[in-house]
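Please consider the sequence and the model shown below.

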Amino acid sequence: MLLVAIATEIVESWSIFKLPVLIGIVQLIQNKGHLGSYAFIFLEVFETEGGIQSYIQTLLRAYSALKNVPQAHVFILRDASQGGNSLQSEQLNFSYFKSRWPQWGRIHLAVKLMAYLLQHRPQRVFCGHVNLVPLVQVLCQPFGIPYTVITYGKEVWHPLPSRMKQGLQAAASIWTISRYSLKQACTANGLNPEQWHLLSCIVDGAAFTPGPKSRQLLEKYHLLDSQVLMTVARLWSGDPYKGVDVTIRALPAIAQRFPAVKYLVVGRGDDQPRLARLAQELGVADRVIFAGFVPTSELVDHYRLADAYVMPSQEGFGIVYLEAMACGKPVLSGDDDGSADPLQDGKLGWQVPHRDPEAVAVACIEILRGGQKRCDGVWLREQALALFGFDAFTRQLQQLLTSE
């Protein structure tokens, strides 16, 4: 009867149809109960590009690199088996539940996960998205299986539905990428900060490296003999806090000290027309270059064009700052967001009030003058890789797994 109740709860909590047949199958599962494995559950990993997906792939690669950790099974709701997974290994086995009918995929995942928990009794379950928390809680709690919730950023910064909040409160631990994300989530949802642990994002030091400015790109963007400020950001009207408009407003003051300064904006979105109009109104349209979308493989050559990376925004973390530093470029960020972690509270870059054009102008002038430690490209790269390279991430993951 307990299994029937649990399975019914799964169905009801996910707003899908009750399936007596599947519930009956679950009743027949025998409990083999051997300890020593982990389970990871994610929404999507390989078939969609984004910060969360990249972070998850890094986590799984790091797990595979660890020694003396148990085998793990990875359940992915929205990926298909042919989704480009290069991480299958002796350490990691994968199950995929993408379906033409999303409700069936959810049911299939719930039943398979329940079967895994009963057969293997993993020592811990890692829930990779807050939307999966109600399911993981209702399956793990009756069997005393602890679970950890892995969060990324804005998905937990606002008040959550009660079932999600209860699932977070009942978790053995919660991981997130920055101190700021931790603070925002706890404040919005009344969570206990002592539950939380940090597992920061990383930068790929092999992909992002220093190098000379590309003559071809300098000519393409009309940047020859210019001091170049740069931002990489989505230009979406629904997320206007990347600080591109603030940097444009700072340009007139910067140009008084550096008449050849230009601003290269890499990214696309529906907010670009507004930003272009702002540049026109301020008389700096000839200084602002909108590069549009740039593939990841070409980003390193664009970072190399910059004399400073400038993004006074509100970020959950801000991998772009690490990418710029790995390319040897000084960086400027906002002073009240997750960028405090990659910038090490200002040790590795400039932090300014994120909506203050005057503060941005003063900091940019300091950077373009040079002469400070935070402008030393060799040192910046060394620091970024030492603190946020793959090896550092792997050590941090090992410590978390050992301590829990």
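**A guided reading of the predicted model**

Apart from residues up to four places away in sequence, Gln 141 touches Tyr 147 and Ala 170, where contact means heavy atoms within 4.5 Å. Gln 141 belongs to the loop between H5 and strand S5 (147-150); helices (H or I, at least four residues) and strands (E, at least two) are DSSP runs, numbered from the N terminus. The model is predicted, so that local features need pLDDT of at least 70 and side-chain atom pairs count only at pLDDT 80 or more, while totals for chains, interfaces and linings use all residues. Residues are numbered from 1 along each chain as its sequence is written, and side-chain values use heavy atoms, with hydrogens and water left out.

Gln 141 and Gly 318 are separated by 177 residues in sequence and by 35 Å in space, taken from C-alpha to C-alpha.

Helix H5 is described next. Since 8 of the 8 residues of H5 are buried, this helix is largely enclosed by the rest of the structure. The buried residues of H5 are Val 133, Pro 134, Leu 135, Val 136, Gln 137, Val 138, Leu 139 and Cys 140. The axes of helix H4 (residues 102-120) and helix H5 (residues 133-140) come within 10 Å and cross at roughly 35 degrees. Such axes are lines fitted to C-alpha atoms, for helices over the stretch in contact, and angles run from 0 to 180 degrees between N-to-C directions. On the H4 side, the contact is made by Leu 109, Ala 110, Leu 113, Met 114 and Leu 117, and on the H5 side by Leu 135, Leu 139 and Cys 140. These residues divide into 8 nonpolar, no polar and no charged; Ala, Val, Leu, Ile, Met, Phe, Trp, Tyr, Cys and Pro count as nonpolar, Asp, Glu, Lys and Arg as charged, and the others, Gly among them, as polar.

Two strands pair if DSSP finds at least two bridges between them.

S8 is mostly covered, with 5 of its 6 residues buried. S8 pairs with S9 in the parallel sense over 6 bridges, and Val 232 stands opposite Val 266 in S9. Strand S9 (residues 261-266) is joined to S10 by 4 bridges, the two running parallel; the bridge partner of Tyr 263 in S10 is Val 288. Strand S10 (residues 288-292) is largely enclosed by the rest of the structure because 4 of its 5 residues are buried. Strand S12 (residues 331-334) runs parallel to S13 and is joined to it by 3 bridges, with Gly 334 having Val 352 as its bridge partner in S13.

The loop between helix H11 (296-303) and strand S11 (308-311) holds Arg 304. Because its relative accessibility is 15%, Arg 304 counts as buried. A polar contact of 2.7 Å joins the side chains of Arg 304 and Thr 209; a polar contact is a pair of N or O atoms within 3.5 Å, and within protein one must be able to donate a hydrogen and the other to accept it, while residues adjacent in sequence count only if both atoms are side-chain atoms. A polar atom of the Arg 304 side chain also lies 3.3 Å from the backbone oxygen of Pro 210. Leaving aside neighbours within four places in sequence, Arg 304 is in contact with Thr 209, Pro 210, Gly 211, Pro 212, Lys 213 and Lys 329.

Key. Buried means under 20% relative accessible area, exposed over 50%, partly exposed in between (1.4 Å probe, protein chains only).
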